[in-house]
Amino acid sequence: MLQHLLTLIWNKKRQHFLLFLELFVSFLVLFAVFTMLVFNYDNFRTPRGFEYQRILTVTASLRLPAGTPNDSATLLSEQLKRSLKSMSGVAEVSYVGSNSPYMMSSMSDQITYNNISAQPESYQADDDYARTVQATMVRGRWYSRFDAASGRRPVVINEALAEKFFGTGDPLGKVLPGDRQIIGVVKNMKDKGDYAEISPGIFHRTDSGFHDKFLVKLTAGAAPSAESQIYKTIMRHLPGSSTEIEKLEDKRVARNRLALIPVILMLVISGFLVLNVALGIYGVVWYSVNKRRSEIGLRKAVGATAGGITRQILGEVLVLTTLPLLLGIILAVQFPVLRLFDLPAATYMIAILLAAAFLYLLVTLCALYPGRQAAKIYPAVALHED
Amino acid sequence: MIHLQQIEKVYRTDTVETQALNGINLTVEKGEFLSIMGPSGCGKSTLLNIMGLLDAPSGGELSIAGSDTRQLRDRQLAQFRNQRIGFIFQSYHLINDLRVLDNVELPLLYRKSTAKERRGLASDALGKVGLGNRMKHFPSQLSGGQKQRVAIARAIVGKPSIILADEPTGNLDSAMGNEVMEILLRLNKEDGTTIVMVTHDEQMARKTHRLVRLFDGAQVQ
């Protein structure tokens, strides 16, 4: 029967060309949508690697008078940090750079080591950062005030950068360009949002001077007034500063929402496409069944059962779908083969399978009702219609 | 072979009731070539459809080769038609998108057979109707007589014991009609196939063993 269906479809290739094209384009769009969904889902499933609950992100912008000595600026920051840490309800305080968790800012660094180039996210964070966000060390340690006396700049890299440069080797003690010595490897942190991809990262110890951005970790039982107390403390130390306090939790929600906007847009657009394709397939099958009433009547006369007719109509649509699908799969497989967009091969493969399954399901649903109607055609009537 | 007893057929709509067949009693013997004649609308095709299990009678009994057809379900009816009955229609009913050979193979698709067996049987059937050299053609490339010969090949490919022909020469000129009639007569004589033919052509009907005339759904001769 399969050979018969293939023959029938091949002989009608001109009539089927537009449907073939529609199914081919639909597969490619579905492949793109599923690639995006699988990619986002995989990222979502990846462990976050740090904690964001009960953390406030504080920006205290202050224009220091011109000519303020660096030591005075450093002292100002240290005094503020000490005051904040001594407050009840505050567990940790850590100075960070502008690309701290869930901020819209990004800062990258071009590093080449042993002829391997990488462009890791470059972070500035102080000695208390790992404790504040509860980052997990995989190897070595986070830097501390004792590293200030070290001849080299201590850095901590994440697992992604360690793997990129050293594979399974030990990165501890290795010196990166810029006289940066690796003293620790931290677990990957998904600090750009729950749907963001893990990328290589390097943490530099904050230099001396004034720091206007920091994270404040509150204790579990911190009073609701802690936020206003923090604000007052900052204003006492930095009168005239422009201070903004936000919950890291809220920043996370905002960042996630931003990541989902293109996904939702793509889903809406592809939803319309799928609806059009569904209506198109339904219309084509319905028209085909009505046009082939005498053929269906004949098939019943020569031995086809009602179920056999439904299966034939479904079979034709499924075979017709398989041909553009194969062409689409050949094209889609080029993405992992040619390493386009640098996504994991598994993401593309899962997307191919999902797109194919979705398309088969769609055409089956669209052909089911016309197929059942075809099965009800009465041969005695259909054979005398023309 | 085919036994009809008090066959009735009534078509009902919301407002009208039409008695298409009224108490038909008829027996077709094995190996008989029977023709049915009558004016348009007298119930000839309805009777043939009932004999071919394409339509169910409103009343009466129909048995074919000793089987009471009232007991058969959809699957069994389909199997019965596939294995025991071959159909020939006035308008051929060939599938235009399939080549001649694929058209002839059609009944074999609904029974267990390999592609090779189907090819062999279809080629033999086409050889019998003199179209062995037209296997790769499409129906649109054939004349009316050739199309009807393809339809005959399709009817006999499954080696049925009964052929039901609904005005097989109705769309053909007399020369082509005679050709088709010769093939049917040969099938009846050489293979012993039972044939029931509906026709308007008195000359064709006279070539068969027996003639039944219908008028207003009733048998008059």
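Let me start with A:Trp142, which sits in the loop between β6 (137-140) and β7 (153-158) of chain A. Leaving aside neighbours within four places in sequence, A:Trp142 is in contact with A:Ala130, A:Met137, A:Val156 and A:Gly184. Contact here means that the C-beta atoms of two residues, placed from the backbone, lie within 7 Å. This is a predicted model, where local features need pLDDT of at least 70 and side-chain atom pairs count only at pLDDT 80 or more, while totals for chains, interfaces and linings use all residues. Residues are numbered from 1 along each chain as its sequence is written, and chains are lettered from A and ligands numbered from 1 in the order in which they are written.

Is A:Trp142 buried or exposed? It counts as buried because it has 21 C-beta neighbours inside 10 Å; the cut-offs are 20 or more other C-beta atoms within 10 Å for buried, 12 or fewer for exposed, and partly exposed in between.

Now the sheet. In chain A, 4 strands form an open antiparallel sheet in the order β2-β11-β1-β12. Strands, like helices, are DSSP runs numbered from the N terminus (E, at least two residues; helices H or I, at least four), and two strands pair if DSSP finds at least two bridges between them. At the edges are β2 (90-95) and β12 (242-247) of chain A, each pairing on one side only. Strand β1 (residues 55-61) of chain A pairs with β12(A) over 6 bridges, in the antiparallel sense. Within that pair, A:Val58 has A:Ile245 in β12(A) as its bridge partner. Helix α3 (residues 70-86) of chain A packs on the sheet and touches β2 and β11 (213-218) of chain A; its direction makes about 160° with that of β2(A). Axes are lines fitted to C-alpha atoms, for helices over the stretch in contact, with angles from 0 to 180 degrees between N-to-C directions.

Next, the chain interface. Here 22 residues of chain A are in contact with 24 residues of chain B. On the chain A side, α1(A) gives the largest share, 5 residues.

Last, the cores. A nonpolar core is a set of buried Ala, Val, Leu, Ile, Met, Phe, Trp, Tyr and Cys residues joined through C-beta atoms within 7 Å. The largest has 105 residues, and those with the most contacts inside it include A:Ala355, A:Leu359 and B:Val104. Helix α10 (residues 345-375) of chain A gives the most to this core, 12 residues. Apart from it lies another core, of 43 residues, among them A:Val93 and A:Leu238.
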